[in-house]
Amino acid sequence: MNSVDHGWLGKLNWDSIVFSSFLHNPSVSEAVASAAGSIVIFATLATLGLMTWYRVWGTLWSEWLTSTDHKKIGIMYIVFALVMLARGLLEGMVMRAQQAAAPDGFLYADHFAQLFSTHGTIMVFFVAVPFLVGIINYVMPLQIGARDVAFPVLNQISLAVTVSSGLLMMVSLVVGEFSTGGWSAYPPYTGADFSPGVGPDYWIWAIVFSGAGTTLTGINFTVTILKCRCPGMRLFRMPMFCWTALCSSILMIFALPPLSVAALMLGLDRYLDFHFFTNDLGGNMMNYANLFWLFGHPEVYLLVLPAYGVFSEVFSTFSAKRLYGYKSLVFATASIAVLSFTVWLHHFFTMGQSPTINIVFGIATMLIAVPTGVKVYDWMATMYRGRIRFTAPMIYAIGFLILFVIGGLTGVILANPTVDFQVHNTLFLVAHFHNVLIPGVLFGLLAGYNYWFSKAFGFRLNDKLGRLSAFLWIAGFMMTFFPLYGAGLLGMPRRSFSYMDLTFKPFMVVAFIGAMVILAALITIVVQLIVSVRNRNQNRVPVGDPWDGRSLEWSIPAPAPSYNFAQLPRVTERDAFTEAKEQGYAYQPPKVYRDIELPKNNPLGFILCVASGVLMFALVWYIWWLALVSALVILGAVIASSFRWESERVIPASELQSDTERWLGLVKRSQAVDRDLENTPQNTGYAKLEH
């Protein structure tokens, strides 16, 4: 493909707009594609219009888009993840509808292939990763008693490139088309000979830039945990969530680069006629598969480990007990992180390597279930004889325990190469990895969202609607994916947009009904948020501890101040805040108030978000002059930012003293409430210490 043949707009023309296909070839499939593009356009315009109407641009710029505060960056990550979750879920629904309507159906094969490619890519890279990064961003520095992450501006940059990559995915709904090569983008199908369009290019640049952001995030979090802990916060005094965040961050550092390298090599094949992964001139497609899964399997544990940390906090808090088997949980977490790099070849059981290799990696795959089993028993022991409260986070956690064990057992079954050979390319495998990722990751992230929301915004979410949403997620998941086990065992191939064997149809109809239940669960989350915001004055928890929390984030006001702690805490035990409450020195003023320095707001992240988005779009469409301009803007912005002499702002001791005394006065005026009243207006964030 000769890039010199393209004009000023590269390959971009009027026929690239999604609506042109519907005008040239009206059909239900093209109408669905046009509707998706219309939703993106109208939602964008409506959002911009509402922001202008309510005059929030100034506040948005000064308080959020230029902020280096880890808490605000974490919230923006989560908002972005929830928006992408809505798209990913709707795409999954359309796929389930197509398979339920088969063999007639309403989508073209290529359109269906684009859907499963975008669905997988979005749910892994633009829902799960930013959601967990957002929660870690908000919670982890508070739990280790830090002012902020180690590199606040780098944190902002990581968010910027992640969001710009996600926006590129949204643009692909309107301009051009997305890859039909699946979320793994296997060559040679995604090479220029087989896929000459822009679809694979959208995938490549979204993955390269978002992967770079995630790698930088891993470095940032690892340094923060290792170097920024408060006095006395030894590694084995950290909350379990921080251990899982540390291991996940290390996986980000070492697992993402192979994917970035593979995507860039695929890009070189497409743009400059290299032959890394082609069928000719020395290309080797298995090199891509090895690089991708050298990332892909650690990625599963990169996602699930922080969710394990959330569940550890939830089980302990809502059972009113100290976490059972803390050290065994730490060692199990570290074992999973190490073993995750030893199992990637189980994805190749059907690709022709020797039986000896299959046996070795089959055994390694079975072994990684052992530390996960340790965790399950520790969590159950934590609940044993505890005073369990069935709050929304706890329902997600219990649903996870049951469903994740089922998913894990199917993983052990697939670790047997002879079984895997029979079901490898069927819906049984699809059911398995959804059985791991939805209860194991998404349920954990939603539990964390419900658990820490009050700390972030100062008021509680409506727990009744939260419980309803949790039950809908559990029921919807079971209805959607359990039938796929049956269809897979009967031989239905994965990625099938249609089929002639009507034996599969009842399974697909039930799965579609389940997808509708999952949509209801998502709608319930939105309704819960709206109702909670409307009733926020009745549910405010300004004291900051609505659940009788055990770690340091609950020892400060809600929402947390920009400086986190008026004075950095000194820790002597694990469960530091519970220890302080038991010994009677919680809610004590600092002996001396000192000025605090914090990084100033910085526009660099926003500039890089816009410029990198333009750069990726230009590369996708071969608009070389625009790519050069945007690359120069990125370089210039980074250089200019390095010359900012006044990068710190000072919070004076007098302001700290005023804020702290006002909050401590509120604590003295508040009445401690027990767990029976924690979802009533009497709960102002001053929970009674109970065992």
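Me: Why is V629 called partly exposed?

Reply: Happy to start there! This is a predicted model, in which local features need pLDDT of at least 70, side-chain atom pairs count only at pLDDT 80 or more, and totals for chains, interfaces and linings use all residues. Residues are numbered from 1 along each chain as its sequence is written, and side-chain values use heavy atoms, with hydrogens and water left out. Buried means under 20% relative accessible area, exposed over 50%, and partly exposed in between (1.4 Å probe, protein chains only). V629 has a relative accessible area of 42%, so V629 is partly exposed.

Me: Where does V629 sit, and which residues make the nonpolar surface patch?

Reply: V629 is in helix α20; helices here are DSSP runs of H or I, at least four residues, numbered from the N terminus. W8, L9, I607, W625, V629 and V633 make the patch, of about 620 Å². Its members have over 30% relative accessible area and no salt bridge, with nonpolar side chains (Val, Leu, Ile, Met, Phe, Trp, Tyr) joined within 5 Å. A salt bridge would be a side-chain nitrogen of Lys or Arg within 4 Å of a carboxyl oxygen of Asp or Glu. Helix α20 (residues 624-641) gives the largest share, 3 residues.

Me: How do you know that the end-to-end length of helix α19 agrees with its residue count?

Reply: The expected span is 1.5 Å times one less than the number of residues. For the 17 residues of α19 (residues 604-620) that comes to 24 Å, and the end C-alpha atoms are 24 Å apart, so the two agree. Of those 17 residues, 13 are buried.

Me: What makes the rings of F125 and F295 a stacked pair?

Reply: Rings of Phe, Tyr and Trp (its six-membered ring) pair if their centres lie within 6.5 Å; planes under 30 degrees apart count as stacked, over 60 as edge-to-face and the rest as tilted. The whole structure has 50 aromatic pairs. For F125 and F295 the centres are 5.7 Å apart and the planes at 15°, so this pair is stacked. F125 in helix α5 and F295 in helix α9 are 170 residues apart.

Me: Are F125 and F295 buried or exposed?

Reply: F125 is at 6% relative accessibility, so F125 counts as buried. F295, at 0%, is buried too.

Me: What makes F292 and W293 an edge-to-face pair?

Reply: Their planes are at 85°, with 5.0 Å centre to centre. Both F292 and W293 are buried.

How values were computed. Helices (H or I, at least four residues) and strands (E, at least two) are DSSP runs, numbered from the N terminus. Patches are made of residues with over 30% relative accessible area and no salt bridge: like charges are joined within 9 Å, nonpolar side chains (Val, Leu, Ile, Met, Phe, Trp, Tyr) within 5 Å. Accessible areas come from the Shrake-Rupley method with a 1.4 Å probe; for residues, only the protein chains shown count as cover.
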